[in-house]
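This briefing goes through one structure topic by topic. Please look over the sequence and the model before reading on.

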Amino acid sequence: MGIINFFKRKKQPKFKIANQNIELPKTEVEDAKIIDILNQEILDFFPKNGSWSSRCFNQPSKITPEYLPCHLRDNGWMSNLLHQNLIEKGIYISVPKIKAFIDSSKKFTDLRHNYELEIVRWQIEFMKNGGENWVMPKGFDEISLLCSPNVDKMFRGGVFETLSAIGMNKEVIEEGIEKNADIWREQYMNLAFRHAFEPFGFMRDQIEPADESHKNLWLTLRRYNYYIDHKDSVDKYGVVTFDMQCMQSDHEYQSQLIKTVDKLNKERKQVVDHWEKNPIYEPLSNNEHQSENNTAQHEK
């Protein structure tokens with residue numbers, strides 16, 4: 001062992017010392033009892049809470065409970081952890097026998113799946129509550145949280161990219177995102193609308209609120225576009241809302257809504273542009289709205 005590695009190991013003595021102090025059982029458990037013991041042991045194998053350590057980004061191979069979230073589809077690694085847990089209780093079952101059990105156990109698979117979904121839920125809540133050190137999707141940065149009109153897309157992508165980076169199964173991430181859509185999607189779509197049409201500025205008056213009907217129609221279209229972007233996952237794991245169904249089946253309604261929202265977006269953009277140019281804000285009058293429209297048409 002190199003001298004640098006020696007000191008690295010000394011910094012994390014917890015599991016090393018525990019293993020050194022345990023005397024290995026002299027005999028292995030009888031085969032007839034193995035299934036019963038393992039069925040009982042796996043009930044407490046997975047944590048109840050989905051929190052995980054940022055050290056999981058490196059997916060360390062060391063066998064410790066802390067790194068379980070980044071090895072959940074590695075049955076060999078989990079067999080070693082379960083083996084270690086049993087040794088600490090004075091029970092010896094060989095790693096190959098534990099792995100054979102894990103590979104074939106539906107109960108273990110179900111418990112793992114539930115834990116994976118809990119990790120996704122925890123990650124969503126963590127990010128909603130201002131948690132840091134998560135992976136930004138391409139094209140976004142921390143400022144995007146404050147002003148991006150695509151903050152909803154950023155949030156969803158952040159959950160997916162972060163959990164993918166620690167080695168979680170991509171399909172189960174998609175499942176968790178859709179099964180927990182009710183705790184994030186509407187909130188961040190509303191935030192995306194505010195960033196686009198009700199921006200906040202320092203050292204200036206607050207802009208007048210956007211028309212509520214504009215917001216509702218914009219959100220209807222936003223939900224439908226979300227459905228198109230993530231159709232497979234929504235169909236498998238999520239809820240296809242009424243407006244998603246309407247937009248998909250009624251193409252005339254879909255076309256009319258797109259035109260209406262586009263018109264309302266352009267009108268509201270004039271208000272936002274006017275606000276951005278005037279630190280002391282006064283709403284545009286109807287005549288000024290018309291003048292802005294004429295100017296825009298002339299520029300085209």
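How many residues does α4 have, and how far does α4 reach from its first C-alpha to its last? The helix has 14 residues and reaches 20 Å, close to the 20 Å expected at 1.5 Å a residue. The model is predicted, and the protein chain averages a pLDDT of 87.

**Confidence**

- A pLDDT of at least 70 is reached by 83% of the residues.
- Over residues 1–20 the pLDDT stays under 50, and the model has nine contacts beyond four places in sequence for this stretch.
- Residues 295–300 also stay under 50 in pLDDT, with one contact beyond four places in sequence.

- Asp74 caps the N-terminal end of α4, with a side-chain oxygen 3.2 Å from the backbone nitrogen of Gly76.
- Eleven of the 14 residues of α4 are buried, which leaves the helix mostly covered.
- The buried residues of α4 include Trp77, Met78, Leu81, Leu82, Leu86 and Ile87, and among them are also the polar residues Asn75, Ser79, His83, Gln84 and Asn85.
- Gly90 follows α4 and has a positive phi, near 80°.
- Ser94 is placed in the loop between α4 and α5 (95–104).
- With a relative accessible area of 13%, Ser94 is buried.
- Not counting residues up to four places away in sequence, Ser94 touches Glu28 and His83; His83 is one of the buried residues of α4.

**Aromatic pairs**

- The count of aromatic pairs comes to 13.
- Trp52 and Trp122 form an edge-to-face pair, because their ring centres are 6.5 Å apart and their planes stand at 65°.
- This pair links distant parts of the chain, 70 residues apart: Trp52 is in the loop between α3 (31–41) and α4 (75–88), and Trp122 is in helix α6 (residues 106–128).
- Trp52 is buried at a relative accessible area of 14%, whereas Trp122 counts as partly exposed at 22% relative accessibility.
- Phe193 and Trp218 have ring centres 5.3 Å apart and planes at 65°, so this pair is edge-to-face.
- Phe193 in helix α10 (residues 185–197) and Trp218 in helix α11 (residues 212–229) are 25 residues apart, and their pair links distant parts of the chain.
- Both Phe193 and Trp218 are buried.
- Ring pairs also join Phe45, Phe46, Phe108 and Tyr115 into a cluster.

**Nonpolar core**

- In soluble globular proteins, nonpolar side chains tend to be buried together.
- The largest nonpolar core has 61 residues, and Leu68, Met78 and Leu163 touch the most other members.
- Helix α6 gives the largest share of this core, with seven residues.
- Beyond four places in sequence, Leu163 touches Trp52, Ile119, Val120, Gln123, Met168 and Ile173.
- Trp52, one of these contacts of Leu163, is also the ring partner of Trp122.

**Leu117 in helix α6**

- Leu117 lies in helix α6 and counts as buried at 16% relative accessibility.
- The C-alpha atoms of Leu117 and Gly50 are separated by 8.1 Å, although the two residues are 67 residues apart along the chain.
- Leaving aside residues up to four places away in sequence, Leu117 touches Val172, Glu175, Gly176, Lys179 and Asn180.

**Glu174 in helix α9**

- Glu174 is found in helix α9 (residues 170–179).
- Is Glu174 buried or exposed? At 14% relative accessibility, Glu174 counts as buried.
- A polar contact of 2.6 Å joins the side chain of Glu174 to the side chain of Ser233.
- Not counting residues up to four places away in sequence, Glu174 touches Arg156, Phe160, Ser233 and Tyr237.

**Ser144 in helix α7**

- Ser144 is found in helix α7 (residues 144–147) and counts as buried, at 9% relative accessibility.
- Ser144 and Met154 are ten residues apart along the chain, and their C-alpha atoms are separated by 7.9 Å.
- Aside from neighbours within four places in sequence, Ser144 is in contact with Val151, Met154 and His195.

Terms used:
Residues are numbered from 1 along each chain as its sequence is written. Side-chain values use heavy atoms; hydrogens and water are left out. Rings of Phe, Tyr and Trp (its six-membered ring) pair if their centres lie within 6.5 Å; planes under 30 degrees apart count as stacked, over 60 as edge-to-face and the rest as tilted. Helices (H or I, at least four residues) and strands (E, at least two) are DSSP runs, numbered from the N terminus. Buried means under 20% relative accessible area, exposed over 50%, partly exposed in between (1.4 Å probe, protein chains only). Contact means heavy atoms within 4.5 Å. A nonpolar core is a set of buried Ala, Val, Leu, Ile, Met, Phe, Trp, Tyr and Cys residues joined through side-chain atoms within 4.5 Å. pLDDT is the predictor's confidence in each residue, from 0 to 100. The expected span of a helix is 1.5 Å times one less than its number of residues. A polar contact is a pair of N or O atoms within 3.5 Å; within protein, one must be able to donate a hydrogen and the other to accept it, and residues adjacent in sequence count only if both atoms are side-chain atoms.
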